[in-house]
Amino acid sequence: MELLCPAGNLAALKVALNAGADAIYVGLKDDTNARSFAGLNFTPKKLVQAVQYTHRLGKKLFLTINTFPQPGEEQRWYQAIDIAADLGVDALIVADLSLLDYAHSRYPHLPLHLSVQASATNLGALSLYKREFNIERAVLPRVLSMKQVRDLAKVTPVDLEVFAFGSLCIMAEGRCHLSSYVTGQSPNTGGSCSPANAVRWQEVGDQRLTRLNEVLIDKSNINEQMGYPVVCKGRYITAENKQASHLLESPTSLNTLSLLPELAKANVASLKIEGRQRSPAYVEQVTRVWRQAIDTFLHHPEAYTTQAEWDKALAKVSEGQVTTLGAYERTWQ
Amino acid sequence: MNISLGPIQYCWSKAQVSAFYQQVASSDIELIYLGETVCSRRRQLKFSDYLELAQILRASGKQVVLSTLALIEAQSEFTALKQQIDNGEFMVEANDMGAVEVAKSLGLPFICGPSINNYNAASLQKLAAWGMQRFVMPLELSKHWLERVLTDLAPRQIEVEVFGHGYMPLAHSARCFTARQQGLTKDSCQTICIDYPQGVLAQTQESQPLLRLNGIQTQSASYIDLSDQQQEMERLGVDYFRVSPSSLASIDLANNLTKSLAKNLATKGDSDVSQDNGSETNLACNGYWFGQAGFEQGR
């Protein structure tokens, strides 16, 4: 079972590998990936260093190219694929049909992972991408229950990767327009959900107003722990309930430490840690805990239980310091 | 260009749905999509009921397309999907790549709904090679995008449809938000959606209408209304303008648009072809079409 960790820069990549990551995923410093934030990601030159460093340790590096090129812009995405193939990355993480086609036909030996942004949640979708583009692996959207993951794992023609820890996206990824609805930019089109330049915090007395493109998505006490502002985690009112509440979801992070035995039993190939936009300190902390948990499990599968200090360490770096099993648990749904 | 009527996105009783399509049958609207696209737990109508409605509509001269679920998670849903697509009579609207796969495997033509990610000509050509006859432009894309993609696609083999009127489906989740706001979960939902025939309006704490919760689907609070853009759409080569139903009034609207389109065609060259939308236009959120944030009124 692979531990796959995020890196927004070389520092994060190094600490993740030192803390026990089996593989790292990164993006280029442009809008070819869905974490296109200022000051983040890799230039082609840095990517060379990342590949060298990772391979020297005998680990793997995946390049994320998971946004959707629009008419007239395709060349930038094709170039990203060419660069990746040239540098010898271990896999490309891709969502768009035309890019899967390009990569598969030009570089048939370069492994393809289907990005979560392709939103493939069922056997039909997985079979299509396998047959047409020979994908090796698919990253499952965070909408399936544990039972549904288990059922799919029994019949899937490709390896499965699941999100194990990190910020919780509650919509079928790649098909959520909430960010572009409010800000004009979505992960698919602009490379980020809730782009930073659309966020504005306003302090009024002891309250903090969170605005996204001037739309008030939350109002909280100044001392309250806040997550990154996204539409789905705002507080809103309805006709029946004038008391503002988290109608969709509250700021919380996904933490599946307790599901580790079940995920292993289902034959899930890779556990993904979310957070290319997070600091090297976060990456190190989370990687260390998950390495320990996986090793503990592999050493004595029957005796595995989640240890309180792991949960505590993860809660510290979680949104709102709260964690959930998300859709894996039916009662969350 | 012609007018189409999209699938009902809400959970209505069987009687309401039947009454709706009875009225549709006697309208001038040419192309009708029907079927459950949001949640497999809504069982007011079975697939056989939709099939029956489809047959009635076809008998009254309509082109009928069966729309499928946007999010397919359980194996039971995938099994049901295969039966729906292999119905032997009607074309389907695929709203998930799983449906594309099933149609392709069966060698059946299909239509791609708005929740299939089509962002460039090469992807559309791929889908066309697999049997796609028409696609609905993804909601977050613009007039500018459409113009460019249609240039790239020329000479065009496939038809294009634009979501022109109605509440926009923006996202789908594993979680049921209608159940949640009533303190229920999806598994214990009691089909609570039926109490909210146009979803649950969610407003910001400044009373700005923002979202509309419709089961596992999140919609725009206001509706898109691009009826004054019909001329522009015709110029671009749009084949269908979709009206997404929210009540019986949607039929009148779609029917009036159909009639006025026919009239405009008959009196081509007449400069006065603008639509009078009255006060409704003030409420519409047309931002996407104009390359802005979706909730903006747009211009």
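1. A word on the annotation before we start: UniProt positions are given here in the numbering used for this structure, feature names are shortened, and annotations may be inferred rather than shown by experiment. With that in mind, the unreviewed UniProt entry carries a "binding site" annotation that covers A:Cys169, A:Cys176, A:Cys193 and A:Cys232.

2. Some housekeeping. This is a predicted model, in which local features need pLDDT of at least 70, side-chain atom pairs count only at pLDDT 80 or more, and totals for chains, interfaces and linings use all residues. Residues are numbered from 1 along each chain as its sequence is written, while chains are lettered from A and ligands numbered from 1 in the order in which they are written.

3. Where do A:Cys169 and A:Cys176 sit? A:Cys169 lies in the loop between strand 7 (159-167) and helix 7 of chain A, and A:Cys176 is found in the loop between strand 7 and helix 7 too. Helices (H or I, at least four residues) and strands (E, at least two) are DSSP runs, numbered from the N terminus.

4. Leaving out residues up to four places away in sequence, A:Cys176 touches A:Met171 and B:Ala171; contact here requires C-beta atoms, placed from the backbone, within 7 Å.

5. On to the interface. In chain A, 57 residues are in contact with 55 residues of chain B. Among the elements that each supply at least two residues to this side of chain A are helix 4 (97-106), helix 5 (123-133) and strand 10 (215-221). By class, the side of chain A that touches chain B has 28 nonpolar, 21 polar and 8 charged residues. Nonpolar takes in Ala, Val, Leu, Ile, Met, Phe, Trp, Tyr, Cys and Pro; charged means Asp, Glu, Lys and Arg; the others, Gly among them, are polar.

6. Finally, chain B itself. It has 9 helices and 11 strands, and 53% of its 299 residues count as buried. Its C-alpha trace spans about 55 × 50 × 40 Å along the principal axes. Of the contacts in chain B with a separation of 6 or more, 67% are between residues 24 or more positions apart.

Technical notes: Two residues are in contact if their C-beta atoms, placed from the backbone, lie within 7 Å. A residue is buried if 20 or more other C-beta atoms lie within 10 Å of its own, exposed if 12 or fewer, and partly exposed in between; C-beta atoms are placed from the backbone.
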